[in-house]
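This report covers the packing and sheet arrangement of the structure shown below.

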Amino acid sequence: MAGSTPRTVAVVGAGMVGLATAWFLQERGVAVTVIDRADVAAGASWGNAGWLTPAIATPLPEPAVLAYGIRAVLTPNSPLYVKPAPDLQLARFVAGFTRHSTPDRWRRAMQALIPVNNRSLEAFDHLTSNGVAAQTHEATQFIAGYSDVAQVKTMLDEFKQIEAAGGHVEHELIGGDEARRREPAISDGVEAALMIRGQRFLNPVTFVHALADAVRERGGQIITDATVTDVQDRGNSVRVETTGGGGGTYDAAVVATGAWLGDLVRQYGVHMVVQAGRGYSFSVQTEHMPSGPIYFPESRVAITPLGDRLRVAGMMEFRRPDEALDPRRISAIVESTRPMLRGADLDDRSEEWVGSRPCTPDGLPLVGRTDSGRVFVAGGHGMWGITLGPITGELLAQQIVTGTVPSELAPFNPRRKLNWTPHRLRRD
């Protein structure tokens, strides 16, 4: 930023990514104002599964996705659903996503994610050790259960590919009876399971609100119910225009608006499509509260114990972010989960929710400066915005204040084209 350190920064978006960026900017002495069109944690940070699983934080475009076939992805009860619609952005996204669902491109994207995956839990520990009054929980048991033993090979092959790219997944293969002995909430429908170790989980709403409280306690402002309509680079400052509070002049701005990311930064050279990958969730009561997360990979359903209820989450639905909840998707989650889970009242649901994860065609986030040296981007994390939000904020704050791009962020250049190749640490 022309060699100067910003004193004031506007952060657009009060989800995990935006608030973490604000917190780490404050740690470096920057005054922050966070602006959100709704409220703290009102978007994808609200209803997700709350998993902190860096070992399995992988690029969404993967060869297995292509195995679904066109008929499957156009079926509303499919775990991956593309709504047929005359939508040019969606068509561009699907074309790019398909091109990146190859073994070689998946491996390169995985190699780009591993450095931030490896640091993600440390960033959470730094937050909770320095004033963020919330907890992360060790997943002493993290079980992936299968109704078909043959399907276990798919995840084991993925683990091998993760390790070939430089990652590591500590795991154990067990039978269905052993899975039920360790976790009574698993039903007789599970024939085999994988125990994944070294991961965590949290209550996303509780954590993000605690993060917001910590930002306020440090003197930051959080303005809600204010839509940012424009971010203007004035040469030596940034002008933020809003429909409510928070508008004004700042030294820099960070746009962290999730699935709406492109609306404000396209003018600054960010042309990568950011598509809403909508996920669904609801909560239910259960006779036995699991001690940790449960995953059913065949239907891609995630189960998380949150307080006195289970959160049940799943689906990846590519369509416009503001469309209404589709009850067929909730029904699909229920029917795929019913034979696998014991003691949960899946017909007495509360907090039915749909939220839009920001997905990119190459499966990598968009984090860093734009064509403007005063406008920065943080988003496009797909399913991993909670897991990678704090480390994203830490690294982006470092870049904004020092002007140097951390090596971990180099692959996530928001101005990149789809065919990214590594480059050395550089000054912007």
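## Nonpolar cores

Leu19 touches Gly13, Ala14, Val34, Val40, Val208, Leu211, Ala212, Val215 and Ile222, leaving aside residues up to four places away in sequence. The model is predicted. In its largest nonpolar core, which has 80 residues, Leu19 and Leu25 have the most contacts inside the core. Helix α5 (residues 103-128) supplies the largest share of this core, eleven residues.

## The six-stranded sheet

Six strands make up an open sheet of mixed pairing, in the order β10-β2-β1-β14-β21-β20. At the edges are β10 (221-223) and β20 (366-369), each of which pairs on one side only. From one strand to the next the twist averages 20°.

Strand β2 (residues 31-35) runs parallel to β10, and three bridges join the two. Within this pairing, Thr33 stands opposite Gln221 of β10. Helix α11 (residues 385-402) packs on the sheet, where α11 touches β14 (252-255), β20 and β21 (375-379). The direction of α11 makes about 170° with that of β21.

## Helix α10

Which residues of helix α10 (residues 327-337) are buried? They are Arg329, Ile330, Ala332, Ile333, Val334 and Thr337. An α-helix has 3.6 residues a turn, so residues three or four places apart point the same way.

The buried residues of α10 pack against strands β4 (80-82), β15 (275-284), β16 (294-296), β17 (301-306), β18 (309-318) and β19 (350-359).

Definitions and conventions
Residues are numbered from 1 along each chain as its sequence is written. This is a predicted model: local features need pLDDT of at least 70, side-chain atom pairs count only at pLDDT 80 or more; totals for chains, interfaces and linings use all residues. Side-chain values use heavy atoms; hydrogens and water are left out. Buried means under 20% relative accessible area, exposed over 50%, partly exposed in between (1.4 Å probe, protein chains only). Helices (H or I, at least four residues) and strands (E, at least two) are DSSP runs, numbered from the N terminus. Contact means heavy atoms within 4.5 Å. Two strands pair if DSSP finds at least two bridges between them. Axes are lines fitted to C-alpha atoms, for helices over the stretch in contact, and angles run from 0 to 180 degrees between N-to-C directions. A nonpolar core is a set of buried Ala, Val, Leu, Ile, Met, Phe, Trp, Tyr and Cys residues joined through side-chain atoms within 4.5 Å.
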